[in-house]
Amino acid sequence: MRKKLLEAYERLTLVSRIRFSYIIPFVPIVFLTVFTYYNLWLFNRQYSGMINSVVKASSFNMEFKSDFDYETYMVIVGQRAMKESRIEEMLSGAGQVIKDLRELTNTSESVERLSTIENYLKNLENYVDRIEKNIGRPGTYDENIQIWENDIQVGTSLLQESFYQYIYYEVKDLDSERQNQTKFFNRIVSISIGAYVVVVILVILFSWFFNRQLRQVQQEQIQLRKTEFLVLQSQINPHFLYNTLDAITWLAESGDQETVVKMVGSLSEFFRTSLNHGKDIVTVSEDVHHIRSYLEIQSIRYQDILEYEIDVPGKFNDILIPKLTLQPLVENALYHGIKNKRGGGRIAVTARQENDSLVISVTDNGVGMDEERLAQVRDGISEKAPEEKGIYGLYNVNERIRLHFGEAYGVQIESVSGEGSTISIRLPLSYLS
């Protein structure tokens, strides 16, 4: 075979031999290109599967806990029959989500975490069975309430925490896989440049190919950051829900039906706008409506210490803003400013135009911050991974705004110790719904 190839080569003309020589250097690069594309395809397939797993887990985690706690409570207080509630549907749907996650998961650690989540879900089923058996039996209301408070709510909290862990490790695996692929591509580039440095056109072609793939990897990194922020952004604090429900129960027992109706309505609006059909970009009017519901609830709970005012002109209603941007700022003003102050406090939400930007400010007359603490908070929200958990809300708001609209936009903080704080967000006026 070798002899026949040499004879065929000898019969070629000089021009044909030169042309043939031009082709030879491209043979290994073709194999290299095919090999690289194949590995990229494998990487994208695995990467997409992991992202889908994280997104599915995030969606389940955001909706299940609040709805399940609410449905079981309505059954216990007799506002809804067990057969009319969505409890069985939600348990069945949750089981299906876990089943789907098992199909997307390919590591033993993730499978083990899903088994833990599945066990928590089975416990919830048992708690519901106990409640259903008690319904209709005299003297079992207090027992059902105790099951709801000590078992159902704890069970859904454990389920939520387990999903947080599942999502965290999935994202961690994503980052590890991304680093491995980056190292892989770097090695490919080094080998290619070293082997074909004299072939200028080949270097140009390979550089074009590598830049194209690098842009794709960068886009996937941006998608990963979006997924992380969707998981971390302004999750509903379970203590807020528990305390609100406790307040509603107390008001109902005291006979203040008008306030109960108002508070339940505000809570319903709060959750509806929080979910908002999965959209991560809303209008300013929608986000303002969300914080109005939140403040209405909190003003009832803290009526002795909290007053609020919202002054956002209607001309800004259609400006686009990442969902749940204002609520963490208002929550920060209440819990870190007003509650730590003796006497009553006030929160004001205002909006104004500065050149081609919209600036929305949340101002409180709480305890404020000294210069040292203010510098720590400012540094924390600008870090890639802040160490202090207390500023995660502000950090995530800042990062999501910068991710969607650019580095020129984000969060600004001003504060004076003993006088209060103002947290402002800057948005582009050009983004309209």
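Which helix gives the most to the negative patch? It is helix H5, spanning residues 108-134, which gives three residues to the patch. Please keep in mind while reading that this is a predicted model.

## The negative surface patch

## A buried aspartate in a strand

Another aspartate, at position 364, belongs to strand S5, which covers residues 357-364. Aspartate 364 is buried and yet has no salt bridge, since the nearest side chain of opposite charge, that of lysine 341, is 7.7 Å away, whereas a salt bridge requires a side-chain nitrogen within 4 Å of a carboxyl oxygen.

The side chain of aspartate 364 does, however, have a backbone atom beside it in the model: a polar atom of this side chain lies 2.8 Å from the backbone nitrogen of glycine 366.

## Two loop residues with positive phi

Leucine 324 is not a glycine, and still its phi is positive, at about 60°. Leucine 324 sits in the loop that runs between strand S3 (320-322) and helix H11 (326-338). Is leucine 324 buried or exposed? Its relative accessible area is 4%, so leucine 324 is buried.

Asparagine 355, likewise not a glycine, has a positive phi of about 55°, and its place is the loop between strand S4 (345-354) and S5. The relative accessibility of asparagine 355 is 74%, and therefore this residue counts as exposed.

Helix H6, which is made of residues 141-195, contains isoleucine 145. Isoleucine 145 has a relative accessibility of 15% and so counts as buried, the cut-off for that class being under 20%.

How far apart in space are isoleucine 145 and isoleucine 131? From C-alpha to C-alpha, the two residues are 8.9 Å apart, while along the sequence they are separated by 14 residues.

Key: Residues numbered from 1 in each chain as written. Predicted model: local features only at pLDDT ≥ 70, side-chain atom pairs only at ≥ 80, totals over all residues. Heavy atoms only, no water. Helix = DSSP H or I, 4+ residues; strand = E, 2+ residues; numbered from the N terminus. Buried < 20%, exposed > 50% of the residue type's maximum accessible area, 1.4 Å probe, protein only. Lys, Arg positive; Asp, Glu negative; His and termini not counted. Polar contact = N/O pair within 3.5 Å; in protein donor to acceptor, adjacent residues only side chain to side chain.
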